[in-house]
Amino acid sequence: MGLFRFLFLKKKYLVHTAFGQEMRDRAVSQFDAQEIPYDLVQKMNDTSFGATGQSNIPLASNSSASKVQYDFYVKKEDRHRCHFN
């Protein structure tokens, strides 16, 4: 995935990061509403879980959806248009 980002996203800038499906959906709807073209990169975060299934990281949910990180990249000229509530 690093090679893909190097080749195709090197002229793009990270403007937003979302964790989980719900935050991703909100961000996508805001990008679409503002008509800003974006590239989305999905990453799985590594978290360690104890024997009880609880996360060892404070405030981390043990659902698999919260372990997914979504990075939104836009072109340099679109950076100033990205405003999120």
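**Notes on side-chain contacts in this model**

1. Let's begin with D78, which is buried because its relative accessibility is 9%; here buried means under 20% relative accessible area, exposed over 50%, and partly exposed in between (1.4 Å probe, protein chains only). D78 forms a salt bridge with R81, with 3.2 Å between the closest N and O atoms. The term salt bridge stands for a side-chain nitrogen of Lys or Arg within 4 Å of a carboxyl oxygen of Asp or Glu. R81 itself is partly exposed, at a relative accessible area of 30%.

2. A word on the source: this is a predicted model, where local features need pLDDT of at least 70 and side-chain atom pairs count only at pLDDT 80 or more, while totals for chains, interfaces and linings use all residues. Residues are numbered from 1 along each chain as its sequence is written, and side-chain values use heavy atoms, with hydrogens and water left out.

3. Searching the whole structure gives 5 salt bridges. One of them joins K12 and D39, whose closest N and O atoms are 2.7 Å apart. This pair links distant parts of the chain, since K12 is in strand β1 (residues 12-19) and D39 is in strand β2 (residues 39-44), 27 residues apart. Helices (H or I, at least four residues) and strands (E, at least two) are DSSP runs, numbered from the N terminus. D39 is partly exposed, at 27% relative accessibility.

4. Another salt bridge brings K43 and D71 together, at 2.9 Å from N to O. K43 belongs to strand β2 and D71 to strand β3 (residues 68-75), so this contact ties together parts 28 residues apart in sequence. Its two ends are worth a look: K43 is partly exposed at 26% relative accessibility, whereas D71 is buried at 2%.

5. Now for the rings: there are 3 aromatic pairs. F31 and Y38 have ring centres 4.9 Å apart and planes at 40°, so they count as tilted. Rings of Phe, Tyr and Trp (its six-membered ring) pair if their centres lie within 6.5 Å; planes under 30 degrees apart are stacked, over 60 edge-to-face, and the rest tilted. F31 is buried at 1% relative accessibility, while Y38 is partly exposed at 24%.

6. F31 also pairs with F72: the centres are 5.0 Å apart and the planes at 15°, so this pair is stacked. It links helix α2 (residues 21-33), which holds F31, to strand β3, which holds F72, 41 residues apart. F72 is buried, at 0% relative accessible area. Together, F31, Y38 and F72 make up one aromatic cluster.
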